[in-house]
Amino acid sequence: YVESERFMVAPTLAWDITPRLSWNVEAVFRNSTASDDPGLVSPDGTVDGLDQLPESLYLSEPTRKYKYNDQSYFSTLTYRLSDTWRLRNVLFYGYTENRPWGIWPDQPDENGDMQRNQYGYNQWLRNLSTTLDAYGSFYTGGVKHNVLVGVEYQRSRFRYTNEGYLDSLDQNNIFNMVYNQVPTDEPADEPYLPFVSVIDRAGVYAQDQLMFLQEKLHLLVG
């Protein structure tokens, strides 16, 4: 009962604008549909109890699918200040839609009877980030330094149609599974919950890679 289909396209464009300035633009488009697979539950709650079950046992429903659609865009602008120093700016934007729809089985009793619970929701997620950094190398005596300094900002927004809590689906038996006892509809595409989750991050970073003994010994400080 377990299968998946995945499709991905990742075009890239590289442009050397001048001998010192270059620009790379990348995109990734991904789409996948996969069967829900909750794994196995031991009949007696022990690891040895799993030997009673065939590896092909399927505890979810054949109709339950996890759908995922994602698109990402990257821009990298690099300017060479000299042979040993450069500036770089990276921009990223991503938008994701995913739809988990699965089943979570409870621990079976001594007869193998168990409660199966279901969950499902739709979610969208937007990510935006940018970094600006400088990278270069220099020597102090016989020690070489590779130095990186920069700033970054990340912004994430996401929203759900529901909280994805578990609801009772049916009673089943781990030794004699019966599917489609209780037909159910796919999770609704809308309405979304009346709030948007917000995450903002900002930071600065600096590191120095010191190389001693003709670059045989490295020390990274950040």
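Ser137 sits in strand S8 of this predicted model. Leaving out residues up to four places away in sequence, Ser137 touches Thr84, Trp85, Lys144, His145 and Asn146. Ser137 can also be placed relative to Leu210. The two are 73 residues apart in sequence, yet their C-alpha atoms are 9.8 Å apart in space.

Strand S8 covers residues 123–140, and Asp133 belongs to it too. Is Asp133 buried or exposed? Asp133 is buried, because its relative accessibility is 3% and the cut-off for buried is under 20%. Its side chain has a polar partner: a contact of 3.3 Å joins it to the side chain of Tyr205. Tyr205 is one of several residues that Asp133 contacts beyond four places in sequence.

Now turn to a sheet. Three strands form an open sheet in the order S6-S7-S10, and their pairing is antiparallel. Strand S6 (101–105) and strand S10 (167–173) are the edges, each pairing on one side only. On average, neighbouring strands of this sheet are turned by 30° against each other, direction ignored. In general, the strands of a sheet pair through backbone hydrogen bonds, in parallel or antiparallel fashion. Here, six bridges join the antiparallel strands S7 (residues 113–120) and S10. Within this pairing, Met114 stands opposite Asn172 in S10.

Met114 leads on to the core. Which residues make up the largest nonpolar core? There are seven: Val41, Leu53, Leu57, Leu59, Met114, Ile174 and Met177. Nonpolar side chains tend to be buried together in soluble globular proteins.

Next come some backbone details. Most residues other than glycine have a negative phi, and most peptide bonds are trans. Where does the model depart from this? The peptide bond from Glu190 to Pro191 is cis, with omega near 5°. Pro191 lies in the loop between S10 and strand S11 (197–212). Asn180 is found in the loop between S10 and S11 as well. Its phi is positive, near 60°. Leu213 has a positive phi too, near 50°. Leu213 is in the loop between S11 and strand S12 (217–221). Leu213 counts as exposed because its relative accessible area is 60%, and the exposed class begins over 50%.

Finally, look at the rings. The whole structure holds nine aromatic pairs. One of them joins Trp15 and Trp23, with 6.4 Å from centre to centre. Their planes are 45° apart, and the pair is tilted. Trp15 is partly exposed, with a relative accessible area of 47%. Trp23 is partly exposed at 32%. Why is the pair of Phe158 and Tyr160 edge-to-face? Their planes stand at 90°, and planes over 60 degrees apart count as edge-to-face. The ring centres of Phe158 and Tyr160 are 6.0 Å apart. Phe158 is buried, with a relative accessible area of 17%. Tyr160 is partly exposed at 23%. Ring pairs also link Tyr1, Tyr58 and Tyr179 into a cluster.

Note on methods. Residues are numbered from 1 along each chain as its sequence is written. This is a predicted model: local features need pLDDT of at least 70, side-chain atom pairs count only at pLDDT 80 or more; totals for chains, interfaces and linings use all residues. Side-chain values use heavy atoms; hydrogens and water are left out. Helices (H or I, at least four residues) and strands (E, at least two) are DSSP runs, numbered from the N terminus. Buried means under 20% relative accessible area, exposed over 50%, partly exposed in between (1.4 Å probe, protein chains only). A polar contact is a pair of N or O atoms within 3.5 Å; within protein, one must be able to donate a hydrogen and the other to accept it, and residues adjacent in sequence count only if both atoms are side-chain atoms. Contact means heavy atoms within 4.5 Å. Two strands pair if DSSP finds at least two bridges between them. Axes are lines fitted to C-alpha atoms, for helices over the stretch in contact, and angles run from 0 to 180 degrees between N-to-C directions. A nonpolar core is a set of buried Ala, Val, Leu, Ile, Met, Phe, Trp, Tyr and Cys residues joined through side-chain atoms within 4.5 Å. Rings of Phe, Tyr and Trp (its six-membered ring) pair if their centres lie within 6.5 Å; planes under 30 degrees apart count as stacked, over 60 as edge-to-face and the rest as tilted.
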